[in-house]
Amino acid sequence: MLDQKLIRENPTSVGESLSLRGKVFNISHIHELTVKKKDIDIEITSLQSKSKKLSKLIGQEISKSKNNDSPELISLKKKGNEYRIKISELEEKQRILDKEVDDEIYNLPNFPSKDAPIGKDESDNLQIKTWGDPLIKENIKSHWEIGESLNIFDSVKSTKISKSRFITLTGNGARLERALINFMLDIHTKNGYLELMPPALVNSESLTGSGQLPKFSNESFKCSNDDLWLSPTAEVPLTAFHRNELIDSKQLPIKYVAYSPCFRREAGSYGRDTKGLIRLHQFNKVELYWFCHPSKSLEAHKKITSDAESILKKLNLPYRLVDICTGDLGFSSSRTFDLEVWLPSSKCYREISSCSNCLDFQARRSSIRSKIDKKNTYIHTLNGSGLAIGRTMAAILENGQQKDGSVKIPDALVPYFGSNFLKTA
RNA sequence: GGAGAGGUGGCUGAGUGGUCGAAAGCGAACGACUCGAAAUCGUUUAAUAGGUAACUAUUCGUGGGUUCGAAUCCCACCCUCUCCGCCA
């Protein structure tokens with residue numbers, strides 16, 4: 001969430017900064033509302049001040065005279081009553097204004113960082129570097145073909161259980177998924193992250209705090225009988241873990257790693273990536289999350305990205321690092337580095353991790369502060385996948401495929417998986 | 001699901017209509033003592049909004065209401081805990 005004061009005092013620059021996202025943000029209406037709100041606030045404050053003084057006076061008079069019915073007192077009370085009526089009228093107006101401002105401000109995205117490449121969409125993202133040699137060969141099989149022949153997952157039967165875009169991992173597939181989760185958690189915890197296993201169902205306040213609501217209500221599954229949603233990413237519960245807290249600044253940075261299942265409606269993606277493990281309604285993910293001192297978040301952003309990268313390196317999967325352009329940035333992010341893994345069957349890199357610096361955007365929405373230089377200050381939050389498990393499995397299957405139909409398991413993963421090759425069971 | 005208890009500052013916890021933004025303790029900050037530290041003693045210490053500041057206002061789970069005046073009374077809702085029931 002953006003700072004209301006900034007909108008009120010500097011509407012032009014707020015509008016300009018937001019418009020770097022590639023579309024026009026007209027904030028003149030919300031600006032007008034915040035100004036009106038301020039005027040009413042001043043009026044209410046002065047009336048309250050008078051009314052408060054009057055009440056004190058009445059209290060003193062009563063205790064002095066012991067007479068509640070003197071004409072002087074009655075006239076004072078009448079005066080107080082008039083204040084009360086005026087104040088409650090103004091408060092009603094203020095309530096309406098507050099709601100109108102909230103409706104707009106919660107729908108405004110974060111400012112893009114000045115360092116992010118300026119661009120309109122995906123095509124303007126900037127490749128920073130590549131790592132490893134992308135496998136380019138004839139007769140490459142897709143991961144779903146490999147999966148089918150090795151019998152490690154079943155999407156057809158899964159539609160019986162749920163619907164399309166759900167998958168059941170079987171045998172070695174399930175084992176590989178489990179191995180990947182443990183492998184990633186072990187590396188990150190050794191690297192100074194505290195492991196959390198949060199609830200998979202989250203309330204509306206949590207989703208609002210991290211930026212998924214109110215704008216993207218269409219993208220999460222909702223439990224209609226309760227104020228609960230299936231969490232689309234562990235970023236949501238991890239942000240909410242410290243909601244409404246004043247964190248001792250000596251504890252910063254706080255670094256969490258969490259495995260969680262993630263649920264997304266994938267509305268509007270009909271027909272895209274319908275096969276395999278790339279785009280599912282439910283997938284597993286290991287998420288990295290930092291709460292950090294506002295002056296340290298640029299540094300932290302590099303670190304969280306390289307922590308995610310280290311998994312790809314250990315698994316020996318070719319990837320590239322992409323600097324997301326202003327037009328392609330997520331709602332809460334000011335700067336995002338994507339890690340994209342090479343998928344030889346589609347001859348392209350696919351997103352496997354997204355590492356974002358949200359600055360104080362989520363902290364303001366969630367009220368997470370620290371006393372810094374004697375002042376309570378919103379801290380900065382960062383998140384990054386470390387990594388998406390299903391897509392990692394897809395990459396291992398495709399990059400490790402052998403002539404005989406088996407798949408080579410990356411050396412680092414062998415102790416977790418228990419075998420050097422994945423073969424038909 | 002049924003019955004009961006409760007939600008107060010960074011934390012614990014007192015406060016049932018009038019100088020209560022709130023006792024006390026813990027924690028924290030600063031100072032004294034010390035070569036240094038611990039212990040001890042002293043001082044300070046809630047947040048938010050507006051204002052350069054003095055200051056003003058709001059906030060005792062949330063939202064309404066009664067009243068000149070509400071942490072305190074009334075109504076609704078949310079949440080937590082205990083017991084019973086059900087249950088992985």
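Phe241 is partly exposed, with a relative accessible area of 45%. This value, like the others below, comes from a predicted model. Phe241 sits in the loop that runs between helix H9 (235–240) and strand S8 (245–247). In sequence, Phe241 and Ser366 are 125 residues apart, while their C-alpha atoms are 9.8 Å apart in space.

Strand S10 covers residues 282–292. Of its 11 residues, 10 are buried, so strand S10 is largely enclosed by the rest of the structure. A residue is called buried when its relative accessible area is under 20%. Strand S10 pairs with strand S9 (residues 254–263) and with strand S16 (residues 380–388). The two pairings are set out below.

| Strand pair | Sense | Bridges |
|---|---|---|
| S9 (residues 254–263) and S10 | antiparallel | 10 bridges |
| S10 and S16 (residues 380–388) | antiparallel | 7 bridges |

Val257 has Leu288 in S10 as its bridge partner.

Glu351 counts as partly exposed because its relative accessibility is 35%, and the partly exposed class lies between the 20% limit for buried and the 50% limit for exposed.

How values were computed: Residues are numbered from 1 along each chain as its sequence is written. Chains are lettered from A and ligands numbered from 1 in the order in which they are written. This is a predicted model: local features need pLDDT of at least 70, side-chain atom pairs count only at pLDDT 80 or more; totals for chains, interfaces and linings use all residues. Side-chain values use heavy atoms; hydrogens and water are left out. Buried means under 20% relative accessible area, exposed over 50%, partly exposed in between (1.4 Å probe, protein chains only). Helices (H or I, at least four residues) and strands (E, at least two) are DSSP runs, numbered from the N terminus. Two strands pair if DSSP finds at least two bridges between them.
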